[in-house]
Amino acid sequence: MKDFLEILKDLWNWRGQVTQLGLFDLRKQMRGAVLGWLWFFAKPAVYVGVFWFALEIGLKQATAMGSDAPYILWLMAGLMPWFYMQEMLGQGSDILHRYSYLVNKIKFPVAGIPAIYAVSTLVIQCGLVIALLIAYFLCGQPLDIHLLQLPLAMLVMVVFWYFFSLCTSMLSAISKDFKNLIKTLSTPLFWLSGIIFSVSGVDWLQRIMYFNPVTFIAEMYRGAVYSGTWFWEDPFACFGMLVVFLIMVVLTVLVYKRTKEEVHDVL
């Protein structure tokens with residue numbers, strides 16, 4: 001509990017610096033680019049367009065969704081959160097190496113470094129959610145109370161993947177093999193998490209996916225803009241997410257307790 005409170009204390013005490021560094025990271029990424037901020041949304045737009053053409057036009061996947069809402073909303077609601085989670089899986093799992101100078105020269109708290117990347121990636125995610133809402137209303141969908149689930153889904157996503165990033169980045173700082181393992185798992189996780197297919201059609205797969213945070217968050221997005229459902233309507237999925245979330249927090253605290261001094265020496 002002491003180490004958990006230390007993490008929270010560092011995040012609170014350094015919240016201003018974390019936010020400033022997160023925004024600075026975004027400005028640094030677009031430095032020298034004529035189109036600037038547009039590049040943050042070019043890749044997601046291409047991905048959505050390609051998957052939409054392949055799945056709806058090519059494979060006629062839209063007919064299997066069982067809803068009157070346009071298929072593009074179902075697809076976007078799965079891909080938009082994935083772009084955030086993918087970044088936290090990739091760059092987020094090795095973020096301590098990227099900001100090693102903060103630990104060595106400024107004595108920035110280790111717990112605050114993953115939060116920097118979480119903030120910068122969240123800004124892009126907010127832009128993607130705005131694009132999702134624009135598509136939602138352009139498709140003729142009504143203003144619905146279930147849209148309030150979007151900010152809650154974003155909060156759950158940011159908190160969970162912050163702890164994931166803190167845990168994995170500390171392990172990656174000590175072992176490059178662990179960093180490579182995480183990056184290797186990114187692609188299988190995308191294809192097996194129901195981002196571009198519905199897990200509800202396969203009973204045994206759906207039970208397994210109850211314990212997959214990627215699937216849970218994607219379904220929260222889809223409940224808001226596509227199916228019009230609340231996440232608590234599926235109690236088994238909520239239970240699975242709660243179990244995984246608690247395990248992730250406990251594991252992060254244990255890793256933080258045992259490696260925080262060693263990480264300083266390694267970096």
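Helix 7 and helix 8 run roughly antiparallel to each other, because their axes cross at roughly 150° and angles over 145 degrees count as roughly antiparallel. The model you have here is a predicted one. In it, helix 7 covers residues 113-138 and helix 8 covers residues 149-174, with axes that come within 10 Å. The crossing of this pair is right-handed.

Which residues in helix 7 and helix 8 meet? From helix 7 come Pro 114, Ala 115, Leu 122, Gln 125, Cys 126, Val 129, Leu 132 and Leu 133, and from helix 8 Leu 150, Met 154, Met 157, Val 158, Tyr 162, Ser 165, Leu 166 and Ser 169. Sorted by class, this contact has 13 nonpolar, three polar and no charged residues.

Two further residues deserve a look, and both touch residues named above.

Let's take Thr 252 to begin with. Beyond residues up to four places away in sequence, Thr 252 touches Phe 163, Leu 166 and Cys 167. The Thr 252 side chain also reaches the backbone oxygen of Phe 163, at 3.0 Å.

Now for Met 80. Setting aside neighbours within four places in sequence, Met 80 is in contact with Val 48, Gln 125, Leu 128 and Leu 132. Along the chain, Met 80 and Tyr 221 are 141 residues apart, while 8.6 Å separates their C-alpha atoms.

Note on methods:
Residues numbered from 1 in each chain as written. Predicted model: local features only at pLDDT ≥ 70, side-chain atom pairs only at ≥ 80, totals over all residues. Heavy atoms only, no water. Polar contact = N/O pair within 3.5 Å; in protein donor to acceptor, adjacent residues only side chain to side chain. Contact = heavy atoms within 4.5 Å. Axes fitted to C-alpha atoms, helices over the stretch in contact; angles between N-to-C directions. Helix = DSSP H or I, 4+ residues; strand = E, 2+ residues; numbered from the N terminus. Parallel < 35°, antiparallel > 145°, perpendicular 65-115°, else oblique. Left-handed = near helix turned anticlockwise from the far one by under 90°. Nonpolar A, V, L, I, M, F, W, Y, C, P; charged D, E, K, R; others polar.
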